Amino acid sequence: MSTRPTMADVAAAAGVSTMSVSYTFNQPGRVSDATKQRVRAAAARLGYTGPHRAAQSLRSGRTNNLGVVLTEKLTYSFENAQARAFLSGIAEACLDTDTGLVLLPNSRKGVDLDRVRDAHVDGFVLWTTAVDDPVLEIAVGTGKPICIQGGPRYPGTQLVGIDDLEAAQAIGAVGLRGAHRPAVISFPRDRDRVGEIVLGPDPAAATFPVTSARLAGYRRAVVDAGFDWADVPVAFVPTNARTEGARAATALQRDYEVDTVLASSDDLALGVLDIGGGIAVTGWDDSDVAEAAGLTTVAQSLYDQGHDAARWVLGSLREIPPAEWSLKVRTSTRIS
């Protein structure tokens with residue numbers, strides 16, 4: 001039975017030390033070009049492809065892999081522009097550190113939780129999730145560094161993201177100019193993801209921190225504009241999709257004759273624009289499509305947040321800098 005050639009075999013064939021072979025594959029800057037050529041030629045003749053990564057990781061305790069845990073199904077990371085931007089930032093950080101990227105789904109049960117517990121990674125970046133997500137305890141239990149985008153705050157983890165409450169209050173003030181019958185289209189309230197319309201819901205009852213914070217900011221804006229929050233219909237959608245925004249806006253226009261919508265994302269806001277009817281609307285994230293549609297929105301860089309989160313987890317960033325946001329006021333809202 002043939003056996004896999006070893007580093008010692010390559011060293012003997014090349015007439016160099018085993019250390020020189022190791023440096024050629026792992027730290028090539030420490031050996032001369034001539035030595036590298038001899039080692040690589042010998043390795044090619046013997047069919048030696050390099051050090052065994054699993055054995056290396058067992059010795060060093062590192063895998064050179066970063067785990068990214070998604071709240072949504074895996075396809076969401078490719079379909080949603082904001083998720084793609086976030087993952088692009090993570091991928092850039094991985095490229096800078098010669099680190100692999102492992103995408104992990106999170107259904108919050110069964111095999112998905114086992115995948116996180118057993119993942120062969122050096123740390124985790126989590127897409128925003130709910131405060132009662134069991135994956136939080138499991139990820140922290142691995143003892144590896146963890147950064148969460150958008151929350152929740154959880155012992156043993158780091159957080160990256162903007163102040164959603166402050167930004168929601170600011171965009172709400174712009175969106176409510178000239179409003180008479182305002183409404184909100186919101187991300188899911190909790191892990192049940194029930195699609196429903198509720199009058200004046202308590203923001204604190206939402207277990208997704210992003211949902212809770214944005215609702216709290218919208219409520220402040222609504223009250224500041226002279227409306228009673230208890231009279232404002234809030235449409236919770238099961239998923240962040242343009243079609244869901246259109247479906248919710250249709251119901252709000254039919255049942256409440258709303259003239260203004262504060263939406264939790266650009267996708268949801270674009271769905272409002274799709275149905276027409278002259279409804280003023282605000283979005284969130286400032287996607288390329290939002291600019292083309294004239295959408296008033298909150299701008300933030302999810303690319304930068306992903307990049308910073310990954311760099312912190314991988315140890316190349318000591319502290320995560322504050323995430324910045326700004327308002328982009330366009331034609332989807334009233335001037336006064």
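Helices here are DSSP runs of H or I with at least four residues, strands are runs of E with at least two, and both are numbered from the N terminus. With that in hand, welcome to the tour; what you have open is a predicted model.

**Stop 1: the whole chain**

Show the protein chain as a cartoon and you can look for its 14 helices and 12 strands. The radius of gyration is 25 Å, well over the 20 Å that the globule rule gives for 336 residues, so the chain is more spread out than a compact globule. Along the principal axes, the C-alpha atoms fill a box of roughly 85 × 40 × 35 Å. Colour by accessibility if you like: 50% of the 336 residues count as buried.

**Stop 2**

Next, find the open sheet of five strands, whose order is 7-8-6-9-10 with mixed pairing. Its edges are strand 7 (196-199) and strand 10 (280-282); each has a single partner strand, so one side of each is left without a neighbour in the sheet. Look across the strands and you will find neighbours turned by 20° against each other on average, direction ignored.

Now select helix 12 (residues 266-275), which packs on this sheet and touches strand 6, strand 9 and strand 10. The direction of helix 12 makes about 165° with that of strand 10.

Pick Glu196 and look for its bridge partner in strand 8, Phe236.

**Stop 3: helix 10**

Select residues 209-224. At 1.5 Å a residue, these 16 residues of helix 10 should span 22 Å, and the end C-alpha atoms are 23 Å apart, which agrees. Show side chains for the buried residues of helix 10, among them Val210, Leu215, Tyr218 and Val222. What do the buried residues of helix 10 pack against? They meet helix 9 (164-175), strand 6 (182-186), strand 8 (233-236), strand 9 (260-263) and strand 11 (297-300). Just after helix 10, stop at Gly226, which takes a positive phi of about 95°.

**Stop 4: Thr129**

Finally, centre on Thr129, in the loop between strand 3 (124-126) and helix 8 (134-141). Is Thr129 buried or exposed? Its relative accessible area is 1%, and buried means under 20%, so Thr129 is buried. Draw a distance from its side chain to that of Asp133 and you have a polar contact of 2.5 Å.

Key: Residues numbered from 1 in each chain as written. Predicted model: local features only at pLDDT ≥ 70, side-chain atom pairs only at ≥ 80, totals over all residues. Heavy atoms only, no water. Expected span 1.5 Å × (residues − 1). Buried < 20%, exposed > 50% of the residue type's maximum accessible area, 1.4 Å probe, protein only. Contact = heavy atoms within 4.5 Å. Pairing = 2+ DSSP bridges. Axes fitted to C-alpha atoms, helices over the stretch in contact; angles between N-to-C directions. Polar contact = N/O pair within 3.5 Å; in protein donor to acceptor, adjacent residues only side chain to side chain. Rg over C-alpha atoms; globule rule 2.2 N^0.38 Å.
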